Amino acid sequence: MRQILSGLVLLAAFGAASAQEPYPSRNVRVVVPNPPGGVTDILARVIAQSLQTSWGKTVFVENKPGADDLIGTEFVAKSAPDGHTLLVVSNSPFSAGPHIHKDMRFDPAKDLMPLVLLGSATPVMNVPAASPVKTVRDFIAMAKEKPGFYNYASMGNGTYPHIAMEDFKIRTGTNIQHVPYRGATPAITALLQSEVVSLIVNMSNVGEYVKAGQVRVIAAAGAHRSKRSEEHTSELQSHHDLVCRLLL
């Protein structure tokens with residue numbers, strides 16, 4: 001598997017806006033285009049709490065899932081460019097989005113201003129613990145035995161789990177059906193219930209299930225062995241502290 005880095009970015013609507021009042025002059029909304037419970041949502045809430053404490057203004061998180069992150073992203077892109085509506089999102093709307101969704105009603109490169117990269121991670125390929133698959137070789141053999149029979153999950157069309165698995169299928173000559181879900185939480189639930197045979201997602205999303213013996217990691221899309229989930233957690237906290245200092 002090739003190395004595929006998934007990034008979480010904090011953005012704001014781009015445009016000309018007056019800066020006559022100190023910022024922030026009112027409550028700040030942080031939009032997450034995913035359902036509650038995923039890494040994007042959790043990271044946004046941790047950062048929002050820190051900013052609220054520092055700014056002395058209410059900083060609230062609002063989930064606007066749907067349309068492969070485009071509903072929430074478009075909402076922020078069309079908001080007033082005054083910095084009071086922020087967006088925490090993966091790189092999908094900027095990388096794959098314009099190529100997959102020809103009817104996008106905004107230009108992510110022109111309508112949104114990146115503020116800071118919140119983090120990046122190396123995704124891992126997972127199967128249910130009850131699966132007989134122990135290695136990638138096993139997975140390929142299983143898929144080739146019944147072409148088109150098995151399903152894999154993603155967090156939506158154009159997200160990195162979707163693109164990564166489609167790349168995997170091309171490289172291995174396998175035929176596995178794509179089932180898009182509305183975010184990481186329902187996709188992981190489908191994996192836990194063996195509704196799908198695989199899901200590519202960040203270790204931070206599935207670390208607790210790996211520890212509990214409910215999910216098996218069979219590959220990491222990187223040049224080196226993946227860090228343990230507790231090391232990811234420590235690294236995430238350190239990066240969160242740095243991000244909050246940069247924003248303040």
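## Contacts of Val 30

Apart from neighbours within four places in sequence, Val 30 has contacts (heavy atoms within 4.5 Å) with Ala 44, Val 59, Phe 60, Val 61, Glu 62, Leu 86 and Val 88. The model is predicted, so local features need pLDDT of at least 70 and side-chain atom pairs count only at pLDDT 80 or more, while totals for chains, interfaces and linings use all residues. Residues are numbered from 1 along each chain as its sequence is written, and side-chain values use heavy atoms, with hydrogens and water left out.

## The largest nonpolar core

A nonpolar core is a set of buried (under 20% relative accessible area, 1.4 Å probe, protein chains only) Ala, Val, Leu, Ile, Met, Phe, Trp, Tyr and Cys residues joined through side-chain atoms within 4.5 Å. The largest one holds 17 residues, of which Val 30, Val 59 and Leu 118 touch the most other members. At least two residues each come from strands E1 (6-13), E2 (28-32), E3 (59-63), E4 (85-90) and E5 (112-121) and from helix H1 (39-55), where helices (H or I, at least four residues) and strands (E, at least two) are DSSP runs numbered from the N terminus. The largest share, 6 residues, is supplied by H1.

## Aromatic pairs

With ring centres required to lie within 6.5 Å, there are 3 aromatic pairs. The rings of Tyr 23 and Trp 55 have centres 5.5 Å apart and planes at 75°, so this pair is edge-to-face (over 60 degrees). Because Tyr 23 lies in the loop between E1 and E2 and Trp 55 in helix H1, the pair ties together parts that are 32 residues apart in sequence.

Definitions and conventions
Buried means under 20% relative accessible area, exposed over 50%, partly exposed in between (1.4 Å probe, protein chains only). Rings of Phe, Tyr and Trp (its six-membered ring) pair if their centres lie within 6.5 Å; planes under 30 degrees apart count as stacked, over 60 as edge-to-face and the rest as tilted.
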